[in-house]
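Below is a briefing on one protein chain, meant to be read beside its sequence and structure.

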Amino acid sequence: TAFLLCFFFLMIRRPPRSTLFPYTTLFRSANALFGALQRSILVRVGVYQTRFNLQVLLTARILDEMVDAVRRKYADFTEAQGESLKEAIVEAIGDCLVAAYEHLEPTADVADRDDRHVLAAALHANADAIITNDLGFDAAALAPHDLVAQTPDDFLTDLFDLNPTAIRQIVTEEADRREETFDSLTRLLEARRTEERRVGKECRS
């Protein structure tokens with residue numbers, strides 16, 4: 001569906017289980033590219049990953065698909081702009097690209113064949129979770145690998161419980177950048193969902 005064309009993945013490698021709140025996540029966030037607010041929030045989480053005991057990772061294929069989705073929707077979005085966007089995300093997060101996971105794709109047992117590379121990358125990186133707005137993501141395929149699927153809102157709420165100061169900083173920085181007022185995580189998430197609904201309609205049009 002059109003909804004599935006707008007995915008953005010971000011992965012976080014699993015630290016040793018003995019560490020406090022070890023969390024390794026692969027973000028697969030529907031409409032994250034078209035919904036600039038969500039993309040910005042998730043990238044900021046990557047920037048501040050050490051404050052949450054996270055390691056955020058991406059794959060080149062995920063970034064390519066992200067840019068392709070934008071270019072299909074916006075004819076004036078150039079190839080050069082796409083390359084700049086990918087470079088900016090990688091540079092902001094730092095040391096975040098995962099490679100050499102392709103050999104796992106044939107055995108990645110998910111219902112949607114287009115999701116195989118996601119599971120393969122998550123397994124190769126020893127991830128804990130896949131962050132996604134796709135509520136139909138194959139949870140049964142994740143369970144044997146000790147993986148879970150989680151919405152971006154639930155993920156951010158968990159991070160707020162872990163480190164409210166860091167999330168407040170992300171909220172403040174995003175508000176300042178947009179010259180808007182987000183006086184709480186709840187307001188920020190409400191704004192993100194509003195933007196997501198608008199973008200979802202654009203994706204389906």
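The chain contains eight helices and six strands, where helices (H or I, at least four residues) and strands (E, at least two) are DSSP runs numbered from the N terminus. The model is predicted: local features need pLDDT of at least 70, side-chain atom pairs count only at pLDDT 80 or more, and totals for chains, interfaces and linings use all residues. Residues are numbered from 1 along each chain as its sequence is written, and side-chain values use heavy atoms, with hydrogens and water left out.

**Overall layout**

- Starting at the N terminus, the order of elements is β-β-α-β-α-α-β-α-β-α-β-α-α-α.
- Of the 205 residues in the chain, 50% are buried; buried means under 20% relative accessible area, exposed over 50%, and partly exposed in between (1.4 Å probe, protein chains only).
- Of the contacts between residues at least 6 apart in sequence, 66% join residues at least 24 apart, a contact being heavy atoms within 4.5 Å.
- The chain has an accessible surface of about 9,900 Å², and carbon and sulfur atoms account for 51% of that surface; the areas come from the Shrake-Rupley method with a 1.4 Å probe, and for residues only the protein chains shown count as cover.

**Strands**

- Strand 3 (residues 56-59) is covered on both faces, with Val56 and Leu58 buried on one side and Leu57 and Thr59 buried on the other.
- Strand 3 pairs with strand 4 (residues 97-98) in the parallel sense over two bridges; two strands pair if DSSP finds at least two bridges between them.
- Within strand 4, Leu97 is the residue opposite Leu58.
- Strand 5 (residues 129-132) is also covered on both faces: Ala129 and Ile131 are buried on one side, Ile130 and Thr132 on the other.
- Strand 5 and strand 6 (residues 148-150) are parallel and share three bridges, and Ala129 has Val148 of strand 6 as its bridge partner.

- Helix 4 (residues 116-124) has His117, Val118, Leu119, Ala120, Ala121 and Ala122 buried.
- Asn126 follows helix 4 and has a positive phi, near 60°.
- Helix 6 (residues 152-162) buries Pro152, Asp153, Phe155, Leu156 and Leu159. Those buried residues of helix 6 fall within an arc of 160° when seen down its axis, so they line one face of the helix; the arc is that of the directions from the helix axis to the C-beta atoms.
- Asp154, also in helix 6, is partly exposed at 43% relative accessibility.
- The C-alpha atoms of Asp154 and Leu189 are 10.0 Å apart, while the two residues are 35 apart in sequence.

**Loops**

- Asn163 sits in the loop between helix 6 and helix 7 (164-178) and is buried, with a relative accessible area of 17%.
- Leaving aside residues up to four places away in sequence, Asn163 touches Arg51 and Phe52.
- Most residues other than glycine have a negative phi.
- Asp95, in the loop between helix 3 (79-93) and strand 4, has a positive phi near 45° and is exposed at 71% relative accessibility.
- Ala100, in the loop between strand 4 and helix 4, has a positive phi near 65° and is partly exposed at 48% relative accessibility.

**Charge over a ring**

- Arg51 lies over the face of Tyr48, 5.7 Å from the ring centre; a charge sits over a ring if NZ of Lys or CZ of Arg is within 6 Å of the ring centre and within 35 degrees of the ring normal.
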